[in-house]
Amino acid sequence: MSLPRSIYKMFERVVGTEYISDRPHILAAYRHTSPQDGRKPASPDAVILPGNTEEVQAIVRICRRFGIKYNPVTSLLSVGMPPSDQLKVVLSLRRMNRVLEINEKDRYVVVEPAVRHVQLKPELMKRGLSYPVPSVGPSCSVMANFLAKGEHHNQHSTSRNNRYLLGYEWVMPTGEILRTGSLSNDAGWFCPDGPGPSLAGLVQRSNGVYTKAAIALDEWKGPRIMPAEGHTPSYKVRLPQDRHKVFIFKFPTLEKVRDVMVEMGKAEIGAAVLKFFYATAAVMFTVSANDFWNTWNSGLFQKELSKAVWVYLATRTPEEMAYEEGVMWDIVREMGGEEVDKSVRKIWEDNMDFFIIVSFLQRVLKLGGGWSPILHCESLPHSFEIAKTIPEFFNSFIDKGLVLNAPHNFQIIPIEYGHGAHIELLFFYDRFLPDAKMIPQELMKQSSEMDLRHQHYSPSPDKEQLYSNFQFWATKIRNAF
Amino acid sequence: MNFDRKDRTTRRDFVKHVAVGATTLVSAGPSGLIPADPNPAMPGNGQHEQDNVIEAASNFRELVGRVVKEKNIVSDPAVLEGYSRDCSFVAASMPLLLIRPETREEVQQVVRIANRSRMPLVPVSSGPPRFHGDTVPSQGEVVLDLARMNHVINIDTVNRCATIETGVTYGQLCAELKRSGLRLNIPLLPRSSKSVVASRLEREPTLIPKYQFDYIDPLLTLEVIYGTGDDFRTGSASGPGALETLKADKVNPWGPGSIDYCKFLSGAQGTMGLVTWAATKLEVSPSLQKIYFVPIKEADDLAAPLIKILRQRVADECLALNNVNLAAILAKNWPADYEEMKKSLPPWTIIVCVSGYARRPEERVSIYEKYLKDICADLGLRSQSILPGAEGKENAVLELLSGPWEKEPYWKLRHGGSCHDIFFLTTLSKVSSYIRILKKTAVKCRYQGEIGGYIQPMVQGRGCHCEFNLPCDQSDSKELAEVQRFFMDASKTLMSNGAFFSRPYGPWADPAYGRFTEGVNALRKLKNIFDPNNILNPGKLCF
Amino acid sequence: MDTLRDYKYTMESCNHCGQCRFILGPKMKGWEYAEVCPAYHRYKYDAYSGQGLINIAQELLEGTLNYEDDLLAHIYSCTTCGACDVNCKSVRDMEVLDTILALRVKCVEDGRGPMPQHKEYAGNVAARHNIYGRPHAQRSDWMFEGMRLSEGAATAYFVGCTTSYFYPDIARNTVKILQAGDVNFRLLKGEEHCCGAPLWRTGQREAAIKIAQQNLDTIRKLGIKTLITSCAECYGTFRGFYPRIAKPDFEVLHISEVVNRLLANGVLRPTGNVKMKVTYHDPCLLGRLSEPYVPWSGEIKPYGLHEPPKQWRRGTYGVYEAPRKVLRSIRGIQLVEMTRNEENAFCCGGGGGVPAAFPDFALSTARERIDEARSTGADAIVSSCPLCQSNLEKASGISGNGFRYLDFCELVAHAL
């Protein structure tokens with residue numbers, strides 16, 4: 001189905017002839033089958049590239065008037081439109097890529113949707129500032145991550161991304177523009193909440209189009225310029241050792257891993273504390289799939305990293321480093337931990353961009369398929385309870401040869417010094433297996449059933465009656481807006 | 001949306017829909033929904049309407065009497081009088097009735113009855129004195145005082161959070177926590193009778209900005225009874241299943257799903273729903289704590305040290321008080337000590353606490369106090385462990401910052417029995433400009449009274465709560481008028497200069513929402529979902 | 001040789017992460033100059049990128065996309081700079097550039113491509129052994145008095161079409177350098193034919209193979225063991241295309257590598273003083289696309305295991321250091337770096353047949369590069385490729401302010 005010419009012309013009048021296209025080869029970029037789940041999005045009927053909020057508003061109004069579904073995108077990492085007979089367009093926001101304000105004193109930055117991590121992060125580093133960067137990678141949209149409540153490696157001393165989202169400008173599905181919080185009174189970008197009840201609870205990536213957002217900033221204690229040496233793909237990014245150190249400790253049990261995280265949270269030390277994926281680590285830090293197999297088959301990562309805690313200490317002075325290191329060792333020794341093999345630690349010492357900006361999701365797919373559908377966010381103990389039950393459903397997939405034999409390939413990251421945590425299971429499968437696309441679906445289904453059996457917190461729309469019937473309210477809200 | 005109320009006598013049957021272990025939805029008919037009533041009942045004027053009001057009240061009372069203990073339903077005017085007014089400029093108005101539920105089930109039943117009867121409710125959860133006008137009835141509402149729901153449900157020392165009913169006060173909880181090695185991140189000297197949940201819901205600023213990651217923090221999950229009578233649990237308290245069988249620790253405030261329901265309840269003054277319990281963060285009690293004072297002569301010099309201290313996360317408690325407020329807090333004998341201290345204290349004092357925790361506390365304190373010293377030295381300031389102008393009071397300050405105000409009268413009321421607070425949010429870099437604006441406005445209004453000043457950085461220092469306290473003698477009408485004039489003028493001037501009144505109580509509501517058309521429309525859409533008959537605190541905010 | 005079908009694994013593996021469009025994380029410097037794909041930068045649509053082109057390739061192969069009016073122009077609006085390829089390979093095992101080149105081959109084999117302007121190349125090469133259609137006899141007109149050639153030497157200087165006909169000074173300076181370094185070398189003169197780069201990179205593979213074979217035959221016949229070139233296109237073609245035809249039995253060196261060796265051995269000592277701040281532009285086929293191609297045929301097993309193991313060209317060992325070391329060795333030269341440098345260098349816009357078919361796009365790309373060069377505070381941009389020179393000089397001239405382009409050999413010869 002193609003866009004009627006009259007409607008096409010309306011869009012064209014908004015953005016100009018150069019920034020709208022319904023040519024099939026242009027649209028090919030938006031309907032490529034996703035390698036990880038085999039899903040082929042329906043082709044849009046056109047792609048439109050608005051240049052500012054006013055153009056977005058005009059487009060949204062046209063869409064609303066004619067019942068046209070639209071999908072705002074920046075990076076295409078998870079583009080996907082449900083197959084539908086309805087007219088649909090992609091709003092590519094890539095032209096809206098300005099950094100509008102960097103406020104160093106009050107520590108926020110205002111960006112448009114197409115500002116990428118690889119653009120913003122270094123601008124802020126120059127100024128001794130930083131913000132949480134999820135592992136989606138350098139080329140992805142900053143704003144989209146924050147709208148999607150992204151997770152990242154440094155949550156232990158910070159928080160999930162949504163806490164860092166400040167004021168924003170939202171073109172609502174009705175075509176009205178809402179600027180919330182302190183923007184309501186032209187008071188600036190610093191507060192997303194109020195006046196009165198906070199409308200920030202409505203923020204969802206897929207609802208209307210967000211055209212500007214302010215992101216909160218923290219201090220960055222590292223060098224002002226990314227200290228990368230070498231060449232692709234094996235850069236070395238090392239930070240000054242007197243104020244930046246990474247340690248990896250292994251423990252006899254997952255309970256000890258949990259307890260270490262709890263204690264490090266109480267002690268408020270560490271920029272990052274996490275249990276990382278061990279198979280994913282092998283994928284990330286090897287150059288090719290073949291290299292991965294060499295590393296994986298050596299057994300080193302399984303031996304060293306299946307019950308391990310990564311600790312990244314970032315301090316302002318060597319004295320502070322000595323203090324944090326001292327406390328860290330106090331805790332590790334109390335819990336019976338020991339350092340992992342030096343060669344494993346060296347990998348992280350040479351790749352400290354792991355804590356700054358890293359192409360995680362891209363590398364994860366090096367082996368073919370593989371995704372992490374199983375995401376939970378709750379407390380540390382609850383996350384470890386979930387971890388204990390993973391073998392219940394996961395091992396059968398391993399035994400059948402459907403997924404890589406990596407039963408401990410989950411990560412747990414504490415949030416806000418242990419006030420919460422995030423757990424994520426990542427599995428690898430060969431997408432060339434017959435019915436390979438059923439693997440992630442089946443895994444997610446079994447994981448969901450496991451959650452139900454054990455009453456893990458994992459709300460999903462098809463189980464909403466067990467979660468305070470949230471879909472009832474969500475539907476009302478969606479319909480109202 | 002029509003918020004006018006008309007007489008309603010329609011009866012409604014309802015069918016309770018209960019899912020396994022789930023929260024309940026109140027539904028009517030096959031649609032499962034109570035349709036939004038465009039013409040909810042409202043007590044009006046005139047004898048006929050007055051008779052209808054009495055009949056409605058009587059019906060309501062009878063229905064409520066079936067679900068709430070008789071002793072908890074009060075119509076004694078002497079008692080109701082206490083709820084008819086507070087210290088704010090909001091006009092006094094007698095409530096129709098006072099109900100004091102003891103359980104969440106009672107709250108839910110009352111709301112359902114109120115919804116059916118279109119009886120407006122005003123929720124209260126803190127003891128007096130109250131200051132902001134949000135709990136003052138305006139249309140003959142029934143006051144629902146949740147103070148008797150005061151159970152501390154759980155103190156979780158591993159996840160560092162407390163789950164408490166809405167009636168739990170700072171006095172109660174702080175005392176209980178002393179035994180646990182944990183502490184609350186509390187506001188500045190809250191009243192002992194202040195509800196912790198209400199304080200969190202209203203986004204009151206807390207003393208330790210480094211623990212706050214957004215303006216809703218440290219509120220976690222909660223249970224709410226919406227104006228429809230439906231109950232709902234937010235975040236990871238939502239399920240799966242019943243509250244009693246939840247395995248989750250109720251610490252994820254977001255969702256369930258992609259919408260953050262808890263945010264709609266924040267700053268809402270009870271207009272979206274009544275929270276029956278909430279989980280809130282706790283922090284580790286320091287094993288070693290040192291307090292420092294940075295005297296500030298000019299308000300222009302306030303921001304720079306605070307910006308750096310917060311950016312580097314040097315401090316636990318971090319705030320600034322002017323001499324008026326600090327003297328009011330510390331003075332032993334009133335008014336002699338107060339007047340003397342007010343003169344001897346510097347115009348402003350930044351107060352910073354540096355803490356050590358369980359392991360190597362001295363090391364930590366030593367490192368962070370050096371950071372503090374260096375920050376101050378770079379700016380030509382001095383951090384000192386002696387409180388200039390009130391030497392010897394240092395420990396008293398430290399003690400005061402650790403808990404609620406226990407004595408009578410409340411420190412804000414020491415001057416004359418009443419106090420009107422102007423407070424708003426801004427950024428640290430703009431604080432001094434607002435202090436200047438306030439001073440200019442005081443001159444313009446010929447305001448001669450005291451102005452207490454309190455600057456509280458929030459959310460890691462990215463925002464700042466600015467508060468100016470105008471004490472007065474409520475019984476002195478001349479003084480009151482002067483304060484009111486200044487209060488209104490200053491509020492208007494500050495607002496028009498970009499001060500963000502994020503909690504628009506009383507007279508701030510109209511100007512705060514005046515330019516926020518799309519926001520008001522959006523809020524009303526939400527209101528129409530969660531309280532379609534506008535029975536919860538009607539007339540507040542933009543409802 | 002591989003067909004488009006052989007790149008199915010690549011086409012199906014793309015998960016549209018966007019790495020092909022943006023600078024790599026470790027090389028990030030700021031908001032500006034963060035995009036690495038000239039087509040994406042210019043045309044804005046996602047289809048103008050490595051990802052877009054391999055999505056198109058897949059649909060064309062599967063028959064879900066037809067040759068519509070502007071499809072060909074889209075496919076050829078790519079300078080084949082390989083930024084997408086190298087960036088993708090920093091995280092994945094995919095052959096993005098080879099897929100794009102195979103797509104162009106398919107267009108030609110289907111009778112649809114290349115662009116009309118490129119069709120002339122093949123005819124010119126067939127008739128006159130150069131893409132410009134100039135008389136073959138004039139190929140060596142650049143030669144000068146006093147050249148010391150060693151007939152029978154095992155080392156030859158391969159001049160290249162663009163240098164021979166349009167930038168003879170590059171050749172002259174190269175010879176001066178080689179002579180100063182006492183390098184015994186010969187020229188191929190009339191036996192030097194176009195290296196085949198413009199044919200290869202516009203999908204005219206058969207024609208490219210033919211001309212390449214001629215060169216290979218000549219090199220073998222003359223017993224040449226080392227081939228030196230001062231043209232990045234020639235260099236990258238000998239290293240990246242010729243091994244697809246026959247296993248190379250000669251070494252290919254760029255003049256910058258030769259000079260670097262001569263400096264390291266103390267044979268050359270630049271004594272001149274060139275007081276200037278310069279920035280070096282890495283030509284695509286000298287930098288990221290210069291590693292030797294090693295043919296692979298095997299099986300891609302589960303989880304991406306290549307059997308036998310494949311030798312990937314990821315841009316790790318491009319000629320980045322040699323020219324820089326040489327420039328730093330010249331007294332007075334202050335070398336500053338652009339944000340997009342080395343393996344993330346932004347293309348000059350001169351490759352892939354783009355200047356012939358889309359001169360505006362070629363120029364706008366070059367202007368972007370000049371802009372970036374100027375932003376470093378440099379007085380001039382230095383590079384070592386006549387195609388880069390052509391496009392960058394045009395852009396510099398048009399944008400005014402006379403920002404200079406200097407050829408590497410010119411600078412070195414001057415310093416000697």
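Helix α6 (residues 254-267) and helix α13 (residues 380-399) of chain A pack with their axes 10 Å apart, at an angle of about 160°. Axes here are lines fitted to C-alpha atoms, for helices over the stretch in contact, and angles run from 0 to 180 degrees between N-to-C directions. Helices themselves are DSSP runs (H or I, at least four residues), strands likewise (E, at least two), numbered from the N terminus. So α6(A) and α13(A) are roughly antiparallel, a label for angles over 145 degrees.

This is a predicted model: local features need pLDDT of at least 70, side-chain atom pairs count only at pLDDT 80 or more, and totals for chains, interfaces and linings use all residues. Residues are numbered from 1 along each chain as its sequence is written, with chains lettered from A and ligands numbered from 1 in the order in which they are written.

Who touches whom? From α6(A) come A:L254, A:R258, A:M261 and A:V262, meeting A:L380, A:P381, A:F384, A:A387 and A:K388 of α13(A); contact means C-beta atoms, placed from the backbone, within 7 Å. That makes seven nonpolar, no polar and two charged residues (Ala, Val, Leu, Ile, Met, Phe, Trp, Tyr, Cys and Pro are nonpolar, Asp, Glu, Lys and Arg charged, the others, Gly among them, polar).

Now zoom out to where the chains meet: 81 residues of chain B contact 74 of chain A.

Notes. Two residues are in contact if their C-beta atoms, placed from the backbone, lie within 7 Å. Angles under 35 degrees count as roughly parallel, over 145 as roughly antiparallel, 65 to 115 as roughly perpendicular and the rest as oblique.
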